[in-house]
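Reader: Could you walk me through this structure step by step? I am new to reading such models.

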Amino acid sequence: MQLSTIRTIYDADGPFATVYLEGRSPAEDAEQQVRLRWDDLRGRLAEAGAEEDVLEALDSAVIVEDITEVQTDGRVLVANSSGVLLNAPWDAALGTGDAAHFSPDAQLGAYVRERDRSARLLVAIADQTGATIRRIVSAPQHTLDEREERDIAATSDESVHKPRQGALSHNQIQRRADEAVKQNARGVAEHLAEISRTWQPDLVVLAGEVQGRTALREELPVVLADITREVDAGGTDDDAAEEALADALRALAGELGEQRTADLTERLEYSRAHNLAAEGAAAVARAAQMGAVETLLLEYDRPATDEGALLAAATRIDAEVGVIDTELPDAVAAVLRFEITEGS
C-alpha cells in the first residue's frame, strides 16, 4: 500500500485524536446507538487530554444527518487542533470494537492493515451491447462492499445480431454486427479506463457472456489488460447468478491477498540474505531516520511497538507498507533501499 494517501495527516502538527467506530447492522435506533458509542469515546479522549475544539470537530463528523450511514459503514477519524484530517469508512470485521486514541502520532495501524488486506475490483458484466460496471471492495471477513454501479449502454446504432445463414448476401450485415459489438466494447473500455485513473483498482474483472467480455478484453488499454481477469460464473440475471458472481469475486480477492503476502514474505527473506532488512522497532526507526526504509512490514494481527511513530516516519520518506503473516521482533520489520552499516 502506498502511504501517500495519508501523508497529509503525518505532515500536520499533533497531538492527534484517532477514533475507530466499527460498522454494525442497520437498526431503527441507529442514532441512539451511535450517540451512546460516541459519548463513550469522546469521554475517553477528553480524559486523555484532547481539547474541546478537537472534540467538537469530531462531533460534527460523527453526529451527522444520515447517521445510519455512520452506523453501517463505520468510521475511522483523525483530528487535531486544525480540524478533521481523515474521515473514511471503517471496514473492520464485526466484533473488532470501537477505539479512541489521543497521542503525538495518529494511530492508523489498524486502518492501514485493513486497506492493505482489501482488494479493489473494477467489475464489468458485459454483453455485446454494453456492460454493467461496478466498483467493489473485498476484504477478509466481509460481505462485498459495492461502491458504485454504472450501466454503459450501446454506443453503436447498428444491430449486434448476426444473420443466421452463412450466405454471401449476408456478409455485409455480419461485418456491421461485428463492428457494432466492437464499438460498444470500445465505449465500455473507455469508461473503465476513466474510472481506473482515479480509483486505481487492483484487478479488472470481466464477467457476463463470452462474446461480450472477449470483445471488451480486446479493447482494453495495456495498463488494464495486464491486471484483468475473466470469470465464467454468474451475472445479473437473478439472485443465484449474483451470488455465483460474488463467490467468484471473493475467490479472486483471496488469491490476490495470498499472492501479496507471499511476495512480501519472499522479499523479506531476500532482503535478510542481502543485508537489506531491519527488524524490531529500534532498528526500523533508525533505518527510517536515515531514509532507508523502502517497505514497512507489519504483522497481520499484532500491533507493532511504537507503531504510530514508525508509520509516521515511513510516510514522511515515501515508503510503502505491507502486511505479512510472519512473526517479527516487536511485530515490525522493513525492507531497505540500501545497506546500513554499523558506523552509518
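Reader: Where does the model come from, and how are residues numbered?
Author: This is a predicted model, in which local features need pLDDT of at least 70 and side-chain atom pairs count only at pLDDT 80 or more, while totals for chains, interfaces and linings use all residues. Residues are numbered from 1 along each chain as its sequence is written, and side-chain values use heavy atoms, with hydrogens and water left out.

Reader: How many helices and strands are there?
Author: The chain has 11 helices and 13 strands. Helices (H or I, at least four residues) and strands (E, at least two) are DSSP runs, numbered from the N terminus.

Reader: And how much of the chain is buried?
Author: Of the 344 residues, 44% count as buried. Buried means under 20% relative accessible area, exposed means over 50%, and partly exposed lies in between (1.4 Å probe, protein chains only).

Reader: What is the strand order in the sheet that contains E13?
Author: That open sheet of four strands runs E10-E13-E11-E12, and its pairing is mixed. Two strands pair if DSSP finds at least two bridges between them.

Reader: Which pairs are parallel or antiparallel?
Author: E10 and strand E13 (residues 332–336) are antiparallel over three bridges, with Glu279 opposite Ala333 in E13. E11 and E13 are also paired in the antiparallel sense, over five bridges, and Thr295 has Val335 in E13 as its bridge partner. E11 and E12, in contrast, pair in the parallel sense over five bridges; here Leu297 stands opposite Gly322 in E12.

Reader: How does the chain get from E11 to E12?
Author: The chain crosses from E11 through H11 to E12 in a right-handed β-α-β crossover. Right-handed here means that, with the strands pointing away from the viewer, the path from the first strand over the helix to the second runs clockwise.

Reader: Is H11 enclosed or open to the outside?
Author: H11 is largely enclosed by the rest of the structure, because seven of its 10 residues are buried. Among the buried residues are Leu310, Leu311 and Ala312. Their cover includes helix H1 (7–11), helix H5 (109–117), helix H10 (281–289), E11, E12 and E13. Just after H11, Asp318 takes a positive phi of about 60°.

Reader: What about E11, buried or exposed?
Author: E11 is mostly covered, with six of its seven residues buried.

Reader: Switching topic: what is the order of the sheet with E1 in it?
Author: Four strands form that open sheet in the order E3-E2-E1-E4, with antiparallel pairing. Strand E3 (83–88) and strand E4 (99–103) are at the edges, each with a single partner strand, so one side of each is left without a neighbour in the sheet. Neighbouring strands of this sheet are turned by 10° against each other on average, direction ignored. Axes are lines fitted to C-alpha atoms, for helices over the stretch in contact, and angles run from 0 to 180 degrees between N-to-C directions.

Reader: Which strands pair with five bridges there?
Author: Strand E2 (residues 75–80) and E3 pair in the antiparallel sense over five bridges, and Asn80 stands opposite Gly83 in E3.

Reader: Which helices pack on this sheet?
Author: Helix H2 (residues 30–48) touches strand E1 (16–21) and E4, and its direction makes about 20° with that of E4. Helix H3 (residues 52–62) touches E1, E2 and E3, at about 150° to the direction of E2. Contact means heavy atoms within 4.5 Å.

Reader: Which residues touch the most other members of the largest nonpolar core?
Author: Leu108 and Tyr111 do, in a core of 38 residues. A nonpolar core is a set of buried Ala, Val, Leu, Ile, Met, Phe, Trp, Tyr and Cys residues joined through side-chain atoms within 4.5 Å. Beyond its neighbours within four places in sequence, Leu108 is in contact with residues including Ile6, Tyr20, Val76 and Leu311. A second, separate core of 20 residues includes Leu122, Val137, Ala185 and Ala215.
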